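Here are my notes on the model you asked me to look over.

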Amino acid sequence: MTGHKRSARIIAAATGIAMTMAVGAAEAADAVKIGLLTTLSGDGAGLGVDTRDGFMLAVTEAGGMLGGVPVDVRVVDDARKPETAVQAADRLVSEDKVALMTGIVFSNLALAVVPRVTRDDVIYVSSNAGPSQLAGAGCHPNYFNAAYQNDNLHEATGAAVEQAGVKRMVLIAPNYPAGKDSLTGFKRYFKGEVVDEIYTKLGQLDYAAEIAKVRADKPDGVFIFLPGGMGINFVKQYDQAGLKGDIKLFGPAFSFDQDVLPAVGDAALGVINGAQWSLDLDNAANKAFVAGFEAAYDRLPSVYAMQGYEAAHIMGAGLKAAGGDVSKLDDLRAGMRKADFDSVRGEFRFGTNQHPVQDLYAREVVKDDKGRLVNRIVSKVFDDHVDAYAADCKMN
């Protein structure tokens, strides 16, 4: 069975969207409705596919349930467009009557959607986007982040670059909220000289001008936050320009993980990147997740897939605590805050702003014993890292 067919089987087995159903209509009517709004078309679609597949794997492994409660997952494409995301979210809330939502990859979409749905007492569990605005003063009791605060993996990379003794850096990121957070996070722990900060268009695929600027700046290293197709193109073009051997390349997991490594190829070998998770984390939950994902989809999971999987388990912890009664918002939120599940990250807990307090690592792109490009942990950069905006959250 191909990975595409297995993916379709897994989604159909646990959702209430218009496709072959694995549960009866009466059973689906009693299930808790969850909106999974993510990017499934256009640039960035691979990130949404991984998010969806990770989430649905958790649902399928539990027999169509989360926390012992039947769930009906409504999967919707936001096409990476804020107006589309807002309209889709409004329909999920007003027409589908979802109690929980997840799935948004890009921070500009999250900033457009999350405040709207949380005001309507829909609980949003972010499987990726973690803009600083929602971690600090804009925090909300109905908003949880299962992934990180946007700065975190860039902070880990900045600390790793600092530890490596690299002195002069050029920084490159897209001009949108997560891009700005990325450079802020990197600079928080990198104490050397920032030679240049370059902001690109979101979705940009041609980096000739940026690479020419790097060549002229002659830094010791380059940090990029260019997720999805942006990163694929940049790394290939950077290698083709002959700069990789002379100017070291660094980035967060998003630019050097399983969603992009097969497309990037050997140009990514040796790159150090910051992450909160890795395929080789040595715990039973992670080993089972990696094996289960590969068996289901014929590919290795990415950080996005892991975050979708963990978002599902966090929802499950809340549903279990509330006995499946989503009107018991206090119980639902308390169960999620407790996060009583076996995390693939090992130890996991929420901070006061309902963002993760977690370990962060430096990883290196290598080849495994099957010749596949993967990441391996080279060091732990932070223990129990708390994001920089938690103190600004005044949530009771």
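1. Glycine 42 is exposed, with a relative accessible area of 59%; here buried means under 20% relative accessible area, exposed over 50%, and partly exposed in between (1.4 Å probe, protein chains only). Arginine 80 is 38 residues away from glycine 42 in sequence, yet their C-alpha atoms are 7.4 Å apart in space.

2. Please keep the origin of the coordinates in mind: this is a predicted model, in which local features need pLDDT of at least 70 and side-chain atom pairs count only at pLDDT 80 or more, while totals for chains, interfaces and linings use all residues. Residues are numbered from 1 along each chain as its sequence is written, and side-chain values use heavy atoms, with hydrogens and water left out.

3. On confidence, pLDDT is the predictor's confidence in each residue, from 0 to 100. The chain has a mean pLDDT of 92, with 92% of its residues at 70 or more. The stretch to treat with care is residues 1–27, where pLDDT stays under 50. For that stretch the model has 52 contacts beyond four places in sequence, a contact being heavy atoms within 4.5 Å. Where pLDDT is low, the predicted coordinates should not be read in detail.

4. The UniProt record, an unreviewed entry, carries the annotation "domain: Leucine-binding protein" over residues 32–368. UniProt positions are given in the numbering used here, feature names are shortened, and annotations may be inferred rather than shown by experiment. Across residues 32–368 the chain is 42% helix and 21% strand, and 41 Å separates the end C-alpha atoms.

5. Now for an open sheet of six strands, ordered S2-S3-S1-S4-S5-S6 with mixed pairing; two strands pair if DSSP finds at least two bridges between them. At the edges are strand S2 (65–66) and strand S6 (143–145), each of which pairs on one side only. Within the sheet, S1 and S3 run parallel and are joined by seven bridges. Isoleucine 34 stands opposite valine 73 in S3.

6. Ala85, Val86, Ala88, Ala89, Leu92 and Val93 of H4 are buried. The buried residues of H4 pack against strand S1 (32–38), strand S3 (69–77), strand S4 (100–102) and helix H5 (107–119).

7. Alanine 79, in the loop between S3 and H4, has phi near 55 degrees, a positive value in a residue other than glycine. This alanine 79 is partly exposed, with a relative accessible area of 23%. Lysine 97 lies in the loop between H4 and S4 and has a positive phi of about 60 degrees although it is not a glycine. Lysine 97 is exposed, with a relative accessible area of 56%.

8. The chain crosses from S7 through helix H8 (residues 177–189) to S8 in a right-handed β-α-β crossover; right-handed means that, with the strands pointing away from the viewer, the path from the first strand over the helix to the second runs clockwise. S7 runs parallel to strand S8 (residues 193–200), with seven bridges joining them, and alanine 173 has tyrosine 199 as its bridge partner in S8. S7 also runs parallel to strand S9 (residues 221–224), through four bridges, with methionine 169 partnered by glycine 221 in S9.

9. Threonine 118, in helix H5, is buried at a relative accessible area of 2%. Leaving out residues up to four places away in sequence, threonine 118 touches Tyr124, His140, Asn142 and Tyr143. Serine 278 sits in the loop between strand S11 (272–275) and helix H12 (284–297) and counts as buried, at 0% relative accessibility.

Terms used:
Helices (H or I, at least four residues) and strands (E, at least two) are DSSP runs, numbered from the N terminus.
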